[in-house]
Amino acid sequence: MRYTAWALLAADEKHGCILSDVSEAGARIDVEDSRKIPDHFFLLLSGNGKARRACQVVWRKPQQIGVHFERKLTGTEAAALTAKQNAGTVAEPA
């Protein structure tokens, strides 16, 4: 399953992305341009930003990054992830 998320680049700048291969410790994230994503950032797991994770990039490819979560997802937080309906597009938060 793939999930919609947003990388918080600045206080008012969000970069849409798609999470895949999510585990308690981290995830693979599909992005348009991995160079835009800093080595440390907050990943918003919901459109309103209430569910979020501090992330550290551990590897990069041109359109993918691998991140380590600074703390594990709880069951409730994992259940709050929004499933991606159309895996071919990157959504923006509402």
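# Salt bridges, core and fold

Guide: D21 and R28 form a salt bridge, with their closest N and O atoms 3.0 Å apart. Keep in mind that this is a predicted model.

Visitor: Why is the pair D21 and R28 called a salt bridge?

Guide: The rule asks for a side-chain nitrogen of Lys or Arg within 4 Å of a carboxyl oxygen of Asp or Glu. In this pair the closest N and O atoms are 3.0 Å apart. That lies within 4 Å, so the pair counts. Side chains of opposite charge can pair when their charged atoms come close.

Visitor: What does the pair D30 and R2 tie together?

Guide: D30 lies in strand 3, residues 26-30. R2 lies in the segment before strand 1. The pair therefore ties together parts that are 28 residues apart in sequence.

Visitor: Is D30 buried or exposed?

Guide: D30 is buried, because its relative accessible area is 13% and buried means under 20%.

Visitor: What does D33 pair with?

Guide: D33 forms a salt bridge with R35, and the closest N and O atoms are 3.1 Å apart. R35 is exposed, since its relative accessible area of 73% is over 50%.

Visitor: Where is D33, and what does D33 touch?

Guide: D33 sits in the loop between strand 3 and strand 4. At 17% relative accessible area, D33 is under 20%, so it counts as buried. Leaving out residues up to four places away in sequence, D33 touches H15 and P62. The C-alpha atoms of D33 and I65 are separated by 9.6 Å, although the two are 32 residues apart along the chain.

Visitor: What makes the charged end of R52 sit over the ring of F42?

Guide: One part of the rule is a distance: CZ of Arg must be within 6 Å of the ring centre. The charged end of R52 is 5.6 Å from the centre of the F42 ring.

Visitor: Which residues touch the most other members of the largest nonpolar core?

Guide: They are L19, I29, I37, F41, L43, I65 and V67, out of 18 residues in that core. Strands 1, 2, 3, 4, 5 and 6 each supply at least two residues of this core.

Visitor: What does I37 touch?

Guide: Beyond residues up to four places away in sequence, I37 touches A7, L9, H15, V31, V57, R60 and I65.

Visitor: What pattern does the protein follow along the sequence?

Guide: The pattern is β-β-β-β-β-β-α-β. That comes to one helix and seven strands. Buried residues make up 43% of the 94 residues. Among contacts between residues at least 6 apart in sequence, 51% join residues at least 24 apart.

Note on methods:
Residues numbered from 1 in each chain as written. Predicted model: local features only at pLDDT ≥ 70, side-chain atom pairs only at ≥ 80, totals over all residues. Heavy atoms only, no water. Lys NZ or Arg CZ within 6 Å of the ring centre and 35° of its normal. Helix = DSSP H or I, 4+ residues; strand = E, 2+ residues; numbered from the N terminus. Buried < 20%, exposed > 50% of the residue type's maximum accessible area, 1.4 Å probe, protein only. Core = buried A, V, L, I, M, F, W, Y, C linked by side-chain atoms within 4.5 Å. Contact = heavy atoms within 4.5 Å.
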